[in-house]
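The structure is shown first.

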Amino acid sequence: MKTKTIFREKPGNPNRAYRQDRFIISSCMALAGGNYQKGVSDLRECIRNAKEIGCNLAEFIWADSEDTKKCADACEEFGIDGIFQDWDVFGGFQDQQKTDEPDREKLDRFIKWSRNYRHFYGYYVWDEPLADRSVDAAAKQVDMIERLAPDRLPFVVAIPSYNASDTWENGKFERYLTRFAKVVDPPVLSLDYYPFSAMRPEPFNQLDDKNLFLDIALLRKLALELHAPMWFYVQAEDSPINANYYRFTPEKLTMQAFNVLLHGGKAVQYYCTVESASYWDGRPGPLFFQMKELNHRIRQWGKTLMALTSEGVYHSGEVLADCPAFEAYREPVSRSKVLADRALPFRCSVGELSDSEGNRYLFVLNRDYRNARDFTLRFKKPSRVYKVSDQTGEQSVLRSRSEAVHLSLPPGDAVLLRVQDAAEEAFFIDYALAPERDIRRNA
């Protein structure tokens, strides 16, 4: 069977200089609070472990100049890109900041220093700005840093809906995140959401009633409107606030990461990899090998996912079944170009994606992180089904002609399929980067 090569562009907000060339798998390290001990924790070994488990980006937040330099040196040594924050120069956390506008002389020196590092990928401008004043200040700093270093990523992450003031319950979160996207106009649109708690019993309905699905649905909508890559942080340990691991299972991690891919995400950001994939003293942590395997799978699928655009997200009916706010974001299966108009099986979610030539893909997720489940998905017409390997990224024919596909998925697991009209000629697809060109509107 022939293989067709389709060239793809690097996605990026057309109003910004940054373009994303590969799927991002990011290790976020918080250098304050929790179990981090300045001068004691082994940053070098933690960064080496981040590279070993398959992350291609490391993030360093709440950092001072001393720690920032140590991390930049280690990223250079081990060949992993980094996004760096230096509170002595710029940035803020939520509504905490030294000044709305950084000292230009300090910022000039910092950016000049950062150019010595090949793996200095970008600047962690602001972590979760919430109040309008903080969002406005973050936007100004993004503009300023982009002008000074247009070849690097000026990064900002929004705050999730369980914040102190703007929630779904009081009707203010949609306005907050929409304003954030419009005012900051970020190169990538990123959000975090940590749904698990070590302090509460495991709910019988797992995550079905969590606003996680509302937050990421709104984020997806805004990212598509901005034409910006969607990034998303997932929880990698039981207690993100204190950076502690107790009994966090690999299936919880896998389900969250695959939920990002389901929604068309172009980056999975782990918070935190320390006390999860590694300990602060540099030893491999309890999820070291599981995260390494997961990252390999994401990297292989990422070769295809970087070329795809999210067309629809469909959930079985129990997701936020009693949440009026979700009805504006709930997409009926009838909108699908390939799936028959039938309700999805229990705890099944499907993301529908397409490439630049209209080839259709289905990312099928078992949201149940405790139990394996069997799913049957029916098509609108007889279809050829290809499976995208999570080990090599290559396509193979799963069904030559079928009106349905039957899947058995382990807890929290997923599969990436391509679905083609069975009457069409069969072919595999490889994706490759198109030659560079400037596609900014204001270029």
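In this predicted model, the second largest pocket has a volume of about 610 Å³. Its lining comprises 30 residues, and those nearest the centre of this pocket are P11, K266, M306, L308 and T309. Three secondary-structure elements, namely β1 (3-8), α6 (212-226) and β12 (309-315), each supply at least two residues of the lining of the second largest pocket.

The largest pocket has a volume of about 710 Å³ and is lined by 32 residues. E128, Y162, Y194, P240 and I241 are the lining residues that lie nearest the centre of the largest pocket.

L377 belongs to strand β15, which spans residues 373-388. Is L377 buried or exposed? Its relative accessibility is 3%, and because buried means under 20%, L377 counts as buried.

Which residues is L377 in contact with, leaving aside its neighbours within four places in sequence? These partners are L339, L344, P345, C348, V350, V364, E403, A404, V405 and L407. As for D209, this residue is 168 residues from L377 along the chain, and the C-alpha atoms of the two are separated by 24 Å.

How values were computed:
Residues numbered from 1 in each chain as written. Predicted model: local features only at pLDDT ≥ 70, side-chain atom pairs only at ≥ 80, totals over all residues. Heavy atoms only, no water. 1 Å grid on protein atoms, 1.4 Å probe; cavity = no way out; pocket = protein on both sides within 12 Å on 5 of 7 lines; lining within 4 Å. Points joined across faces, edges and corners; volume = space filled by probe spheres on them. Helix = DSSP H or I, 4+ residues; strand = E, 2+ residues; numbered from the N terminus. Buried < 20%, exposed > 50% of the residue type's maximum accessible area, 1.4 Å probe, protein only. Contact = heavy atoms within 4.5 Å.
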